[in-house]
Amino acid sequence: LIMDLMDKLTHIFRKGLSNSFYPVPQQAIGVGSAFEGWSPHGQDTVYHVLVPLSPPPGHVFHLELDTAGTLQRNCCVRVELLCTCTRKQLREGMLCFLHHSEEELRRQDPSLLHTLCTGAYLDVKKTVRWFYRFIRVAWLLLPQSCRWRLSYQPSSRSCKFQMSKGRASFIVEMIFGVRQGDSDIFVGSQPTEAGIPSTTWIETYAVAEAKFFRHISRQAPQDSWHCKCLQLLARFLMNVGFSRYVLKTVVMHLLNSLPLTEWHKRNFQQRLIDILKYLHFSLERKQLHHFVIGNERLPMEISLPSSFRVAERPNLFQHLASSPDAHRKAVQEYFFLL
C-alpha cells in the first residue's frame, strides 16, 4: 500500500510539474525496521521511505562531504547550472539558464537556485515544505483519498503523515536523499540534532542496510528466525539506553559470519545468547565496528563508493572509550537488558 502510494505520487509529480525545474523524485525505497522485517512496535510502526532526488534539466548536483567526521558525515548539495544550448535531449523549447538574458528567461519557470536553494546549496527545509504543499494537492487525485484519511505530522526535515481508516492507522515518514554516484549510499534529510543548518544533509547507509536484509532473506531458509531475534530484543530496548541501531549492527555482523542455516527456530535461544555475548564483548572492548563502512565481506550486490570497502572501520562505541562514565552506564544498561 505504501509503495503503491509513493509510485502514484511520483507519477503525478512528473506529469504535473514536468515543465518546472524542481528536483525530480525517483522511485521510493523502503528502509528501516518496518521494511527490513523486524519492527518492534506493532500498531505504532513508522514506515520510513527514502525518496531519491535527481537534478532537473539544466542543473547538476555536487556533493561536498565533510571529511572530518567518520560516522554520518555532514554534506552540502551544491547546485550548478549546466549549459543546455547544444543538448538536444533536453525538453523542447527550454532556454539555457547560462546563455539567455534575464528578460528571455522570464518566459520559463525559475531555476532550482531561485526556488529551493539557500545561496548555491539545496535547502532541506525548503525542499520539505515544497513537498508537503505538493502532497496536499496530489492526495486529492489519488484513489486512496476516498478510503483513507491523511493527517500531517510536524517535521522540518522530513514529510511525515498519518494514514487512518477505521481502526487501522499507520505513519509514513518520507526522507529525501541524493545518491552518491551510482552507489547505495545517500546523503539524506533525516531529522537530527537541533541547530543543524538547513543546507546540511546527513550521510545515510539505510538503503545499503535494507538491501543487506533483502539479500539475507533471499539466501536464508524460509523458516529463518533472524528477524524474530532482532524484533524480540528491540522490544526490550524500549526501556534501556541502547539504541536499536547498535543492536541491529550486532545482528548484521552475526548474520554476515554465522551460516544462515543456524538461524532456524530451534536455534532461537542460542542465537539470542550469541547476540548478547557479542554486545557484551563489544562493550568490554569499547569497540563496535560500523557494518557498512570498511566491511570487505559485504555482499557485492550492495553498491558502495570505491573508498568504502577499504576505509578504516568507524567505532560506534568510540564515545565509551573516551568517557568512563558513559561506559559504566552502558554496562549497567546491558545487565538491565540481560
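In which sense do β3 and strand β10 (residues 168-179) pair, and over how many bridges? I looked this up first. β3 and β10 pair in the parallel sense over seven bridges. I counted two strands as paired if DSSP finds at least two bridges between them. Helices (H or I, at least four residues) and strands (E, at least two) are DSSP runs, numbered from the N terminus.

Ground rules. I am working on a predicted model, where local features need pLDDT of at least 70, side-chain atom pairs count only at pLDDT 80 or more, and totals for chains, interfaces and linings use all residues. Residues are numbered from 1 along each chain as its sequence is written, and side-chain values use heavy atoms, with hydrogens and water left out.

Confidence. I looked up pLDDT, the predictor's confidence in each residue, from 0 to 100. The chain has a mean pLDDT of 91, with 97% of its residues at 70 or more.

Partners of β3. Strand β1 (residues 24-25) runs antiparallel to β3 (residues 46-54), joined by two bridges; P25 has L53 in β3 as its bridge partner. Strand β2 (residues 29-31) also pairs with β3 in the antiparallel sense, over three bridges, and G30 stands opposite V49 there.

Partners of β12. I then turned to strand β12 (residues 201-204), which two bridges join to strand β5 (residues 74-81) in an antiparallel run. N74 stands opposite I202 in β12. Strand β11 (residues 186-188) is antiparallel to β12 as well, with three bridges, and the bridge partner of F186 is T204.

Cavity. I took a cavity as a set of points, on a 1 Å grid over the protein atoms alone, where a 1.4 Å probe fits but cannot get out; lining residues have an atom within 4 Å of a point. Grid points are joined across faces, edges and corners, and a volume is the space filled by probe spheres set on the points. I found one cavity of 30 Å³ or more. The largest cavity holds about 50 Å³ of space.

Its lining consists of M6, L9, T10, P25, A28, V51, F131 and M174. Helix α1 (residues 2-16) gives the most, three residues. By class I noted seven nonpolar, one polar and no charged residues. Nonpolar here means Ala, Val, Leu, Ile, Met, Phe, Trp, Tyr, Cys and Pro; charged means Asp, Glu, Lys and Arg; the others, Gly among them, are polar.

Terms used: 1 Å grid on protein atoms, 1.4 Å probe; cavity = no way out; pocket = protein on both sides within 12 Å on 5 of 7 lines; lining within 4 Å.
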